[in-house]
Amino acid sequence: MKLKSHQCFIVNIKTSLILTKSPFKRKVYNSKILDFQGLEVNIQHKKIKKLYLKINNKNGDVTLCVPLNISENFIVNFVTEKLQWIKDNQQKIHHKKKSLNIEFVESDNIKFLGEIYQIKLNKTLKKPQVNLIKNHNLINKTYQENSQLNLFDNHESQQNSHCNQIILDSIKDLTKIQKTKLLEKFYRQNLQEILQELTKKWQKILQIEANFVGIKKMRTRYGSCNARKKNIWISLNLIHYPIGCIEYVLLHEFLHFFEQNHGKKFYALMNKFMPNWQYHQKNLRQQFAI
Ligand SMILES: [Zn+2]
């Protein structure tokens, strides 16, 4: 499942031409900045036949590549039509960027399995450790006691989320990198156990076995798979999302063992096995990591 690194809109003007080189890398013949209600769009004229609109995933800059002979009127109308889409996506990038730059200051918030936790720093343990406190209870195995794996989706826990804490405990001062590593290890262990449970569940339902389900740090994908080798990789980032989202991504990758493409057959399977998958997909798009 791919999260596009650049949000693109492609519009056909003439019948399609297969471009061998990314339109964004092609020679610019003419360029100018147009202002749309305070939103600047870099217009680049190139020897191409379609319009390509791109929002830079890092800084939110907007570039529109257009054919050489296109009128300014057409460009203005096109961008105006897409303005809301551009703004929505810029906002998402902004949120994401903000959330990825977290400093480990006491009282900062992070998301864990879709719920907000406050970071606390303790100085008691010789061996650095991460503990999770949920509604005043120290939980080491956060989800294993809960066979349905949806503890974190219920409303009661949402209401009490102000009590939730993730405690980084180390008698020695930890650098930011050490804290990040400690948290990542904690995320990995938790995600690993969740995936083990979910893999067991879905292998039984689908009557198929994965050779391997692993966790990887992926920036642009939630998951990926090699259908031939029956390997699945899940993004470590998913630990920040509700378990329903993790399950949705895992099932999505499992279904690629039957259907490699995202065609009608694939979505028919998705509908069959997880009728509410769109709810999780929406959740995945709306929630931002950490
Ligand atoms: Zn897919």
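Two strands count as paired if DSSP finds at least two bridges between them. The model here is predicted. Strand β8 (residues 129–134) meets that cut-off with β10: five bridges join them, and the two run antiparallel. Within this pairing, Gln-129 stands opposite Asp-169 of β10.

β10 (residues 165–169) also pairs with β7 (residues 115–122), in the parallel sense and over five bridges. There, Ile-119 has Ile-166 of β10 as its bridge partner. Both senses are known in general: strands of a sheet pair through backbone hydrogen bonds, either parallel or antiparallel.

Now turn to an open sheet of three strands. Its order is β11-β13-β12, and its pairing is mixed. β11 and β12 (223–226) are the edge strands, each pairing on one side only. From one strand to the next, the twist averages 20 degrees. Four bridges link β12 and β13 in the antiparallel sense. Ser-224 has Trp-233 in β13 as its bridge partner.

Two helices pack on this sheet. α3 touches β11 and β13, and its direction makes about 155 degrees with that of β11. α4 touches β12 and β13, with its direction at about 20 degrees to that of β12.

What of the nonpolar residues? The largest nonpolar core has 31 residues; those touching the most other members are Leu-191, Leu-195, Ile-234, Leu-238, Ile-246, Val-249 and Leu-250. At least two residues each come from β6 (109–112), β7, α3 (176–206), β11 (212–216), β13 (231–235) and α4 (243–255). α4 supplies the largest share, nine residues. Another core, of twelve residues, lies apart from this one and includes Val-41, Ile-48, Tyr-52 and Cys-65.

Conventions:
Residues numbered from 1 in each chain as written. Predicted model: local features only at pLDDT ≥ 70, side-chain atom pairs only at ≥ 80, totals over all residues. Core = buried A, V, L, I, M, F, W, Y, C linked by C-beta atoms within 7 Å. Buried ≥ 20, exposed ≤ 12 C-beta atoms within 10 Å, placed from the backbone. Axes fitted to C-alpha atoms, helices over the stretch in contact; angles between N-to-C directions. Contact = placed C-beta atoms within 7 Å.
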